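Colleague: I have a model open and want to learn to read its features. Can we go through it together?

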Amino acid sequence: MSHPTNLPGFWSRLSIAFGAFFKTLGDAEFAARVRDDQVGPIAAPVAPTPAPAPTPAPAPAAAPLRVNTPESALQLLGLLQREARLIDFANEDIAAYADADIGAAARVVHEGCARVLREHFTIEPVRAENEGARVTLQEGFDAASVRLTGNVVGKPPFSGTLNHRGWRASDVRLPQLADKYDASIVAPAEVEL
């Protein structure tokens, strides 16, 4: 795997992370690629190498994808804009600002985002161990909740260091939407009279 030489800075990564978060909520195909560690554009298929066996094994059936609607993602985006001015912050060209000014703005965004998460979600760690702890994953571990990184060779049990505990939303409390509510209006325009 090649490593990019021009790595994005913290604020660029923050913007990328939020963009990926909302794209994952609103685009089932993108979410499936993220889940399967195939982030980014769909790559052209690689020519398969011939199998040594005389009869190839049948390909497993593709898992059916659930159809989602963007209303919940738009509703969450609206909450993050209302409480943290997230869209305003992400759309602002911060190159001309001093680091102290950016830090002050980030504090407001951070506090607002944290408020939205506390009010509308119950977030729990996927793993109970502290980061840096040694863990062993037995055969049959939940691959959707644990991502193996590094030199993954062989079959379980796998032993390694927990780099990130992971997060799981155990409860979601988004407000119900009225029938005629237009969720695409994430933040209405404001006109002072």
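Colleague: In which loop is Pro157 found?

Modeller: Pro157 is in the loop between strand S2 (134-137) and strand S3 (158-161). Helices (H or I, at least four residues) and strands (E, at least two) are DSSP runs, numbered from the N terminus. A cis peptide bond joins Pro156 and Pro157, with omega about 10°.

Colleague: What are the ground rules for the values?

Modeller: This is a predicted model: local features need pLDDT of at least 70, side-chain atom pairs count only at pLDDT 80 or more, and totals for chains, interfaces and linings use all residues. Residues are numbered from 1 along each chain as its sequence is written, and side-chain values use heavy atoms, with hydrogens and water left out.

Colleague: What is the phi of Arg85?

Modeller: Phi is near 55°, a positive value in a residue other than glycine. Arg85 is in the loop between helix H3 (71-84) and helix H4 (86-91).

Colleague: Why does Arg85 count as partly exposed?

Modeller: Buried means under 20% relative accessible area, exposed over 50%, partly exposed in between (1.4 Å probe, protein chains only). Arg85 counts as partly exposed because its relative accessibility is 45%.

Colleague: How many salt bridges does the structure hold?

Modeller: Side chains of opposite charge can pair when their charged atoms come close. A salt bridge is a side-chain nitrogen of Lys or Arg within 4 Å of a carboxyl oxygen of Asp or Glu. The structure holds five. Among them, Arg115 pairs with Glu83, the closest N and O atoms being 2.8 Å apart. That pair links distant parts of the chain: Arg115 in helix H5, Glu83 in helix H3, 32 residues apart. Arg82 also forms a salt bridge with Glu83, at 3.2 Å between the closest N and O atoms.

Colleague: Is Arg82 buried or exposed?

Modeller: Arg82 counts as exposed, at 56% relative accessibility. Glu83 is partly exposed, at 23%, and so is Arg115, at 35%.

Colleague: Which other pair meets in a salt bridge?

Modeller: Asp171 and Arg173 do, at 2.8 Å, N to O. As for shared partners, salt bridges join Arg82, Glu83 and Arg115 into one network.
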